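Q: Hi, could you walk me through this one? I'd like to go over a few spots together.

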Amino acid sequence: MKLIIIASGSKSNAAVIENNGAAVLVDCGVTLKTLKSGLAKAGLSLESLCGVFVTHSHSDHIKGLPVIRRAVSAPFYSGTDVMLCQRFDGQICTGEFCVQAFECSHDVPCVGYKISCAGKSICIATDTGTVTQPMRSAFYGCENIMLESNHDIDMLKGGFYSASLKSRIMSDRGHLSNSDCAGFITELAGFGLRRAVLAHLSENNNTPLLARASAEQSLARFAPQYSVSVYPASPGLILEL
Ligand SMILES: [Zn+2]
Ligand SMILES: [Zn+2]
């Protein structure tokens, strides 16, 4: 099983989980052209997709959805109400993949997904102001995670955003900071976590170096006996799970 990052950040999001040439897409925050070229780099095409799963209705996750919906014949699902997607609760299986939705904490209804295939799984939560109880239940014991590491708190506080936007981002219904993300990764290290992909990094209030250092320093300090690899979710990243 592979994770393929097509885009990740405050502006656009799309990730693919592949197994034996079949794949599911999580989020449609890219153009059809970007999706096709991202799939092609991993040896895949639109026909490889056996399901599309959307997390929530913010434009960085759905701006390509209407066009992608017309171009892809696979079913579109969401664990919450999202246009053009069939809503499901609990778990749904498509092709070889089983996908479980769990609730995140965001300023619109938002879910994350645990995607399982061929005895492996990955938990994905890209937009959440806090680590929710349903997230905890899904993430514990999972070998692979893709978790929001949105901002460095000092960069956000000292940055140019308005006071109201800063407080929205920092709230329990906003976005997860580097230190919140690092704390949860460290908590999971003792429960089988092997790979942590840092997702949805802010272009203005974070850098891949800072996000990675935050997670790695926390692991080195509080969970040195466990081996967890940390990867910022840069476009084009292909990770064997
Ligand atoms: Zn969002
Ligand atoms: Zn987002």
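This is a predicted model: local features need pLDDT of at least 70, side-chain atom pairs count only at pLDDT 80 or more; totals for chains, interfaces and linings use all residues.

Q: Great. Which residues are the protein donors of the zinc ion (ligand 1)?
A: They are His56 (NE2), His58 (ND1), His106 (NE2) and Asp127 (OD), lying 2.2 to 2.5 Å from the ion. Donors here are N, O and S atoms within 2.8 Å of the metal (3.2 Å for Na, K and Ca); water is not among the atoms, so sites may look incomplete.

Q: And what are the angles among the 4 donor atoms?
A: They run from 93 to 169°, and the site is irregular. Four donors count as tetrahedral if all angles lie between 85 and 135 degrees; four count as square planar and six as octahedral if opposite donors are over 155 degrees apart and all others between 65 and 115; anything else is irregular.

Q: Which residue bridges the zinc ion (ligand 1) and the zinc ion (ligand 2)?
A: Asp127 does, and the two ions lie 3.4 Å apart.

Q: Are His58 and His106 buried or exposed?
A: Both are buried (under 20% relative accessible area, with exposed over 50% and partly exposed in between, using a 1.4 Å probe and protein chains only).

Q: Switching topic: how many aromatic pairs are there in the whole structure?
A: A search finds 9. Rings of Phe, Tyr and Trp (its six-membered ring) pair if their centres lie within 6.5 Å; planes under 30 degrees apart count as stacked, over 60 as edge-to-face and the rest as tilted. One of them joins Phe53 and Tyr113: centres 5.6 Å apart and planes at 65°, so edge-to-face. Both residues are buried.

Q: Which residues does the ring cluster link?
A: Phe53, Tyr77, Phe88 and Tyr113.

Q: Last one: what does the side chain of Asn206 make a polar contact with?
A: The side chain of Asn178, at 2.9 Å. A polar contact is a pair of N or O atoms within 3.5 Å; within protein, one must be able to donate a hydrogen and the other to accept it, and residues adjacent in sequence count only if both atoms are side-chain atoms. Asn206 is buried, with a relative accessible area of 5%.

How values were computed
Residues are numbered from 1 along each chain as its sequence is written. Chains are lettered from A and ligands numbered from 1 in the order in which they are written. Side-chain values use heavy atoms; hydrogens and water are left out.
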